[in-house]
Amino acid sequence: MYQYNEFDQRLVNERVAQYRDQTRRYLAGKLSDEQFRPLRLMNGLYLQRHAPMLRIAIPYGLLASRQLRMLAHIARTYDRGYAHFTTRQNVQFNWPKLEQVPDILADLASVQMHAIQTSGNCVRNVTSDHLAGICIDEIEDPRPYCEIIRQWSTLHPEFAYLPRKFKIAVSGAPQDRAATKLHDIGLYLSKNETGDIGFEVLVGGGLGRTPIIGQPIRPFLEKRHLLSYLEAILRVYNLYGRRDNKYKARIKILLKELGVERFTERVEKEWRQIKDLLVLDQAEIDRVENHFSPPPYEPNVAAEEILDVHKQHDKSFATWLIHNTGQHKIAGYAAVFLSLKSPTAPPGDITQQQLDAVADLADEFSFGQVRSTHRQNLLLADVKKSDLYNLWQELEALDLATPNVGTVTDLICCPGLDFCSLANAASISVAKGIHQLFDDFDYLHDLGDIKINISGCMNGCAHQSVGHIGILGVDKKGVEWYQITLGGSSENDASLGDRLGPAVPKDRVVDAIATILKVYTEQRMDEESFLAAVRRIGIKPFKKQVYANH
Amino acid sequence: MQIIKDKEIIEDHWQHIADDPIPPEGCITVSLNRWKAEKDRLIARDGGEIGLRVSTEDSLDEIADDLKHFQLIALGFPTFTDGRTFSFARLLRERYHFQGELRVIGDFLPDQVFFLSRVGVNAFEFDETTDLNDALSALNTFTVAYQAAADEAEPPYRRSLSKPTEGDASM
Ligand code: SF4
């Protein structure tokens, strides 16, 4: 993974010093709440319901074991012993003290981490495919480009005060696992007719209040123009994006108001004037790429046989293997998902003991690296198949082996009313309720791949509009209700879910989900997935059953 | 009144003229509207230099041809979160090659002067409550930067001297 050089380190250290001074001036009354707000947000600090929340960047979801141990240390020292992974591959702490944040940042800087631009109206942490570098269908590893974009966007002097937040994702494989179409800028590495690799550029995707799927504005962009093209898009947005209404300020609205043609024209016109001034040199791509060269694999095709023996002896292991491991491009290796969706903990939460233990497991089994995924799980990307049985036993003991990855209970969920000051309704307790439907894993596994996303308000942090089943907390005269949508997806076939009908009250939401799942099992054809079934039969049969007795 | 210019605290000798009559003597700035309405008279005036106040709602295209008349352009922040000012400054320097004083006025913070100086602003006119020494030291917040901008034509990977070799701070 990318290692800071002296230059990178100096920048992060100076950022800590700057933020320390800003905190000092705020506490001394020299900066007003209003003035401090964007400054702290640009460093990931929210003030919410009970305490501040600090969001820390995990660039494209990649962590070294040493960094994981630092997160454990922070959870122990400054928080209540746990951390929370987000849907954008970042990590959050829910209980830090405002005056201790500079110390937390200094600790983070000591392991090449930071909270720069994890919030606020600026370019946010770049996200990517959690299987980057190991999946079989990859055109090229997207991570070097993520890192190049990270550096370019970090403390960019022109784009620190945009109309609204700005998110970029890069995908290196035809199968989209990074929700690329749902970002302000989505980049797909792609090949042109002559076999050169570059980027397809999409703009204007986004979730939140007005979910929209991004539109292609350039089918092929040469690598050398990557940064100038991004700069052109950002400049057009910075100059013309709406600033009069917070809810109309995302680039998707500018794109809509101008129309994709005029928007593209403006970007291209701006770009032509700067494209020769800001060239991404191949030497720089090579330099960064060197940091992502493959670890010293020991391919082993015979590993399957060892696995077979364990599978026959241990049914739970066999089940876990099916659900929580994935294919790897090197023979004899597998990718292992660590489920942060145990029935006993809020989705995405992990304790400091677990963090330390995962760091040890990463060192022992996966070249010392861990990844965070968009569905709030962790991943050990490079595990030898011959180690899987041992690893599974360790994970079992840590409550990180719930065999539910990609199933109904692998739901994603925002902090909701329990922590977030913007929430209309609880989300964690709904997640819990759904978990309780499944004391029987066989039923869960029979249902197959179903993605449930639960957000506590319209801001949609858990991306409910692209969940196969989306659950959105709404407020009706101070009471918690839930709006259900069906048929959303964030993958290649990205789509927004359709509303099932009127919102349901809190005490009926879990029943409603149970009914929806029942309708699916009754109506599905052969191996048809939930999403395919919804697309085939439409929303009506579900609606009929859910509202039958009301 | 004192301002920061070219990294020094200096006494300011410019006057911002709103709707008042144009004084015969002294350096003055006017709004774009006033400039458009009284351009000929202002050009003919020989009692002092002319500056232009540009707001974030104005369009730079409109002033491109007139830049040679101005010794100063004052970019006004309506609120400190209005980031258009940063693009305006950079375009004025890099695209329109404006060489005169580029000043920011209005609602902005000492915390912004580092980025502002990177996009080409060389003068800062704060309200009276701001400690100019704080603002002056904020100009040195960072000693490194990843981007090319108005102050630095090349990104770090082309500045071989300032980008140290690999592995200097490896974990
Ligand atoms: S979706 Fe709403 S309630 Fe949930 S974290 Fe986001 S802002 Fe808070």
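**Entry 1: helix α7 of chain A**

I began by looking up what covers the buried residues of α7(A), and the cover includes β9 (197-203), β10 (215-222), α6 and α8 of chain A. Here contact means heavy atoms within 4.5 Å, and buried means under 20% relative accessible area, with exposed over 50% and partly exposed in between, computed with a 1.4 Å probe on protein chains only. Helices (H or I, at least four residues) and strands (E, at least two) are DSSP runs, numbered from the N terminus. I must keep in mind that this is a predicted model, in which local features need pLDDT of at least 70 and side-chain atom pairs count only at pLDDT 80 or more, while totals for chains, interfaces and linings use all residues, and that side-chain values use heavy atoms, leaving out hydrogens and water. Residues are numbered from 1 along each chain as its sequence is written, and chains are lettered from A and ligands numbered from 1 in the order in which they are written.

The helix α7(A) covers residues 251-258, and it is largely enclosed by the rest of the structure because six of its eight residues are buried. I wrote down the buried ones as Ile251(A), Lys252(A), Ile253(A), Leu254(A), Leu255(A) and Leu258(A). Just after the helix, Gly259(A) takes a positive phi of about 85°.

I then turned to α4(A), which is largely enclosed by the rest of the structure, since seven of its nine residues are buried. Its buried residues pack against α1 (6-27), β1 (45-47), β2 (52-56) and α3 (65-78) of chain A.

Which residues does Pro102(A) touch, not counting those up to four places away in sequence? I found Val16(A), Tyr19(A), Arg20(A) and Thr23(A). Pro102(A) lies in helix α4 of chain A and counts as buried at 4% relative accessibility.

Met113(A) sits in the loop between α4 (101-109) and β6 (127-128) of chain A, and at 3% relative accessibility Met113(A) counts as buried. Leaving out residues up to four places away in sequence, its contacts include Tyr4(A), Ile56(A), Leu63(A) and Leu71(A).

**Entry 2: a pocket and the ligand**

I looked next at the second largest pocket, which holds about 530 Å³ of space. A pocket, on a 1 Å grid over the protein atoms alone, is an open set of points where a 1.4 Å probe fits, with protein on both sides within 12 Å along at least five of seven lines, and lining residues have an atom within 4 Å of a point. The volume is the space filled by probe spheres set on the points, which are joined across faces, edges and corners.

Its lining has 21 residues, and those nearest the centre are Leu239(A), Tyr240(A), Glu270(A), Asp61(B) and Leu91(B). At least two lining residues come from each of α6 (226-240) and α8 (260-274) of chain A and α2 (84-94) of chain B, and α8(A) gives the most, with five. By class the lining has seven nonpolar, four polar and 10 charged residues. In this scheme Ala, Val, Leu, Ile, Met, Phe, Trp, Tyr, Cys and Pro count as nonpolar, Asp, Glu, Lys and Arg as charged, and the others, Gly among them, as polar.

The shell around the ligand, where a residue counts if one of its heavy atoms lies within 4 Å, has seven nonpolar, five polar and no charged residues. Among them are Cys414(A), Cys420(A), Cys457(A) and Cys461(A).

**Entry 3: chain B**

Chain B has four helices and eight strands, and 53% of its 171 residues are buried. Its C-alpha trace spans about 65 × 35 × 25 Å along its principal axes.

Is Gln112(B) buried or exposed? I found Gln112(B) buried, with a relative accessible area of 1%, in the loop between β7 (101-106) and α3 (113-118) of chain B. Its side chain reaches the backbone oxygen of Phe80(B) at 2.8 Å. Not counting residues up to four places away in sequence, Gln112(B) touches Tyr161(A), Phe80(B) and Phe86(B).

Lys7(B), in the loop between β1 (2-5) and β2 (8-11) of chain B, has a positive phi of about 65° although it is not a glycine. Lys7(B) is exposed, with a relative accessible area of 53%.

Methods:
Polar contact = N/O pair within 3.5 Å; in protein donor to acceptor, adjacent residues only side chain to side chain.
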